Structures are given as structure tokens and as C-alpha cells.
Amino acid sequence: MSTSRAGGSPRHLVLAAMIFAVAMTFIDQTIVSIAVPDIQHELRLTSTGVQWAVNAYLLTLAAFFAFGGRLADTVGHRRMVVLGVLVFAGASACCGLTPTGSLAEAWLVAFRAAQGFGGALMFPAALAIVVQNFALRERGRALALFFGIAGGLTAVGPVLGGYLTEWTWRAIFWVNLPVAAIALVLIAVSRPVTESRPAPMDYRGLALIAGGVGLSVFGFQQSQVWGWSNPAIGLCIAAGVLLLVAFAVVERHAASPLIQVDIFRIRAFSVQNLVLGISMLVFVPVFFFSSEYAQISLGDSSSKAGVFLLYFFIGFVIASQVGGRMLDRDGAKRPVVIGCVLAAVGFYLWAGDVTTLSFSEQQWDVVLAGAGMGFMLSPSSTDAVNRASRLSYGEATGITQTVRNYAASLGLAVLGTVLVTDLRSRLTDSLVAQGLPPAQAAATATHLSQVQAQGGGGGGGTANIPQFFRVDFAHATQTVLYAMAAVMAVAAVVAVVGLRPGLQVETAADEQQPVLPAGGAGGAGPPAGEA
């Protein structure tokens with residue numbers, strides 16, 4: 001057995017350690033959306049501030065995943081997992097200690113960003129450890145457990161978060177501390193042994209990709225506040241895209257690049273990243289919008305809104321196991337295509353029922369949408385990482401996670417614009433129908449769509465939301481869900497056209513050599529074991 005396997009420890013103990021490590025990052029993608037109304041009410045955050053409390057986390061993940069993946073490959077995966085867990089837990093504690101008053105918004109957004117940085121250090125290294133400890137023909141099942149169980153813990157997160165929020169919203173951040181403690185204990189017991197390849201860090205590339213991701217997503221996010229007619233929106237987006245193009249050009253000539261851009265010449269790797277990018281436009285945003293819908297249109301408490309999301313994860317967890325086994329048996333194309341189609345159908349049916357304002361009419365639609373996402377996400381991610389060598393798994397994971405989280409931030413911004421725009425239009429019509437002059441109705445609708453769409457009424461005050469607003473918000477949510485169905489249909493087409501059927505073949509070269517020429521790593525030298 002090579003040194004890439006756990007040093008005498010059962011592989012599944014290593015898997016358990018990595019699942020607990022990354023569980024925090026999964027939990028924090030959803031649990032905060034449950035508490036958004038309470039956070040905004042107590043801290044008196046602006047609508048922009050509360051969205052950045054959600055978006056800063058996703059944005060920092062996207063910006064620094066490539067850095068985290070490269071760092072893991074060069075200094076050691078286990079070290080980076082431990083460091084990431086410590087950073088994430090510390091930032092979580094600080095989020096829970098957010099003071100009230102003028103410092104609240106800056107404090108919360110800053111430490112949410114710090115959580116994202118810790119997750120970016122941790123996640124690529126954790127996934128690389130799992131991949132290194134399981135043979136190619138076992139990775140589908142192993143990573144289905146990795147994503148499925150982590151997804152199951154995420155499903156508990158919104159439910160637990162709902163009940164914790166009824167005590168204090170601060171507890172949704174403090175719940176990460178015992179999870180981090182369990183992860184550190186399991187890592188100490190399992191002591192996974194991995195290999196690393198020392199190399200200098202490409203800080204120029206890091207600055208370009210972080211700036212490119214940050215500026216472009218900031219532009220889309222601010223479009224809801226400034227309006228698309230504001231030239232600053234186009235300027236931010238264009239500057240971000242130009243920085244990303246410059247990053248790609250610079251990386252091709254760097255002695256020790258942050259990302260080996262030539263890896264995108266591998267067809268399966270490129271197609272799977274495209275599929276992942278498209279699907280993640282909806283995967284994280286659906287948690288935010290569905291929890292807002294449950295609290296605003298259905299009038300549920302935050303705990304009941306968490307149960308709403310639990311149905312999504314019931315489908316997700318079960319289907320991810322089936323998809324992982326299908327990957328090991330038949331290859332990636334079939335589960336990825338089936339999952340995209342199921343998700344598209346699920347979101348379409350959900351959109352058709354969302355205006356009934358009855359959860360019982362929607363629950364199986366929600367389960368089907370979750371099943372579709374679970375069916376395709378794990379096989380797609382696993383197949384992409386499998387295309388790298390065992391000494392580049394951190395880098396490959398960093399790439400796929402950069403794509404996934406950049407797309408999630410972008411999806412939240414763009415679909416948020418769709419929601420607010422549609423809601424504003426419907427509210428204007430409703431207010432005019434109630435006798436308000438058109439100009440006054442438009443001004444009132446603009447204010448309500450900004451505050452209510454982002455804050456859910458604030459502080460559990462959803463019982464006071466008028467019925468016409470609940471209905472209009474449901475119709476705006478319907479528009480978003482139809483858009484999500486269309487996005488997943490596009491992902492299905494890309495998978496059908498771009499992916500090739502059959503199993504990936506493991507060769508000796510796959511196990512012994514990097515997928516790219518050694519010169520691309522700057523002559524970093526032989527691999528080093530991590531004790």
C-alpha cells in the first residue's frame with residue numbers, strides 16, 4: 001500500500017474525520033439563511049448588509065479555493081485541514097459575538113468572510129485526503145458518502161438552526177464549535193498520511209483571481225441596489241472579467257502557477273466543471289430563496305422553514321448514494337445526465353405548485369429537486385477530480401470548488417435581482433389596485449421589495465405581512481424556480497453533448513505522475529510525505 005493511504009488507520013475513520021471537518025462549511029451555506037430575518041432585526045442591518053452576511057462567505061470561498069488547493073498540495077493536506085478547521089471555528093465564535101450598534105454590519109461581514117477563508121483552506125485538502133485514500137473504483141461510493149453524509153448534517157443544520165434561532169440567532173454560529181472539536185479529535189486519532197510537492201506560491205495569480213472573482217460578483221450583487229443603469233455595475237463586472245482573463249494568461253507563463261490552466265485541455269475535466277458551474281447557479285441560492293418563501297409566503301417560523309429545507313436534503317442524500325454507485329459501475333455520464341434532468345423536472349413542478357401557499361402540495365416536488373441535485377453533484381465532482389494525479393488532487397479540487405462557489409455567488413446575485421425585480425412589479429400592481437397613485441405605489445413597492453425580500457419581515461414579524469404581499473412574493477419565487485428549472489435543463493444538455501459514456505481507466509501513469517508536465521510545477525522536486 002502506498003503512502004497515500006492512511007498510516008495503519010482504517011480508511012473509513014479517515015473519511016469520518018474529513019466529513020466532520022467539512023460539515024461546518026456545508027452547514028454554513030444554509031443555516032444562516034434561516035436566521036436572516038432575526039439577524040437583520042436585532043442588528044438593524046440594511047438589506048445590502050444582510051445579503052453580504054450571506055454572500056461574503058460564498059465569495060471568499062470562491063476567491064481563495066484555488067489558493068487553498070495549491071497550498072494543500074505544497075505544504076501537506078492534513079496540516080491545511082487542521083488549520084482550516086481552527087480558522088473556521090474561531091471565525092464562527094466571533095460571528096456569534098457580533099456586537100450591536102454601528103460596528104455590527106462590518107463585524108459580521110468580516111468574520112463571515114473569515115469563515116469562508118477557513119473553508120477554502122480546509123475543503124480542498126479534506127477532499128484530496130479522501131481521494132488519496134480510496135482507489136479509483138471505490139471513489140464514487142466514498143465521495144457519495146462524503147457529500148451525502150455531509151449533506152445529511154447540512155439537512156440537520158437548518159432544522160437545528162431554526163430551533164436555535166428561537167433561543168438566539170448567535171447559536172447558529174456557535175454550533176460549529178463542537179463539530180470542529182470532533183473533527184480535530186478524529187484527525188488526531190486517524191492521522192491520515194498524504195503526499196505533498198513543495199513549490200513556491202504564486203501570489204500574483206492569487207491577487208488576480210481573488211480580485212476578478214470579487215469584483216465581478218460584487219457588480220452583480222450591487223445591481224439590486226444600484227440598478228442596472230448605474231455605470232458602476234458594468235464597470236465592476238467588466239473589471240472582474242478582465243482580471244480573470246489576465247489570470248488565465250499569466251498562469252500559462254508562470255514558473256509555479258496557482259492553477260495549471262492546461263488541465264482544462266482534458267475534455268472530461270472541462271465539461272464536468274462547466275456542468276458543476278451551471279448547476280451551482282441554483283444549488284446554494286435555492287436554500288436562501290426557499291427559506292425566505294417559507295417564512296414570508298407560508299408564514300412559517302424559522303424552525304418550520306428549516307423543515308422545509310429538510311425535504312430537499314432527504315432527496316439529496318438518498319440520490320447521492322445511488323449516483324456514487326452508478327459512477328463506480330458505469331461511469332459519470334449516466335448519473336450526471338439523469339440528475340440534471342430530475343432536478344429540472346423537480347424545480348419545474350415546484351414552481352407550478354409554489355403559488356398554492358400549501359407545503360403539502362410542494363413537498364414531493366422539493367424532494368425530487370433535491371434528488372436530482374444529489375444524483376449529479378457527487379459523480380460530477382468526483383469525475384473531475386479523478387482526472388488529476390494523486391499529487392495534484394488539492395489543486396484540482398481547488399479549481400472545481402472555485403468554479404462551484406463562484407457560480408453559487410453569481411447565482412445568488414442574479415436570481416436575487418430576478419426576485420426583487422419581479423416582486424417590485426407585482427407589488428406595484430397590487431398597490432395600484434388598492435387605490436395608491438402609480439408613482440406612490442412604485443416607490444412603496446421598491447422599498448418593500450428591498451427590505452422584505454432580503455429580511456423576511458424581520459425578527460419573526462412575518463405574521464404581520466399582508467396577504468397580498470405573501471401572494472406576490474410567492475409569484476416572484478415561482479419566477480425564480482422556473483429559472484432554476486431552465487438552468488438545470490441547460491446543464492443536462494451540456495452533459496449529454498460533452499460527456500462520453502463508460503468508465504475511466506486507471507493507469508500506472510495516473511498513479512505515479514502528475515497529469516501535467518513537471519516543468520509546470522517549477523521543478524518543485526520529488527513528493528514529500530506528511531507525517
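In this predicted model, H13 and H14 are roughly antiparallel to each other, because their axes cross at roughly 155 degrees and angles over 145 degrees count as roughly antiparallel. Helices here are DSSP runs of H or I with at least four residues, numbered from the N terminus. The table gives the two helices, whose axes, lines fitted to C-alpha atoms over the stretch in contact, come within 7 Å.

| Helix | Residues |
|---|---|
| H13 | residues 333-353 |
| H14 | residues 359-386 |

The residues of the contact of H13 with H14 divide into 17 nonpolar, five polar and three charged.

H13 also supplies four residues, the largest share, of a nonpolar surface patch, which is formed by Val341, Val345, Tyr348, Leu349 and Tyr482 with about 430 Å² of accessible area together (residues with over 30% relative accessible area and no salt bridge, nonpolar side chains joined within 5 Å; areas by the Shrake-Rupley method with a 1.4 Å probe).

Salt bridges, in which a side-chain nitrogen of Lys or Arg lies within 4 Å of a carboxyl oxygen of Asp or Glu, number six. In one of them the side chains of Arg252 and Asp262 meet at 3.0 Å, N to O, and this pair joins helix H9 to the loop between H9 and helix H10.

Residues are numbered from 1 along each chain as its sequence is written. Because the model is predicted, local features need pLDDT of at least 70 and side-chain atom pairs count only at pLDDT 80 or more, while totals for chains, interfaces and linings use all residues, and side-chain values use heavy atoms, with hydrogens and water left out.

Definitions and conventions. Axes are lines fitted to C-alpha atoms, for helices over the stretch in contact, and angles run from 0 to 180 degrees between N-to-C directions. Helices (H or I, at least four residues) and strands (E, at least two) are DSSP runs, numbered from the N terminus. Angles under 35 degrees count as roughly parallel, over 145 as roughly antiparallel, 65 to 115 as roughly perpendicular and the rest as oblique. Ala, Val, Leu, Ile, Met, Phe, Trp, Tyr, Cys and Pro count as nonpolar, Asp, Glu, Lys and Arg as charged, and the others, Gly among them, as polar. Patches are made of residues with over 30% relative accessible area and no salt bridge: like charges are joined within 9 Å, nonpolar side chains (Val, Leu, Ile, Met, Phe, Trp, Tyr) within 5 Å.
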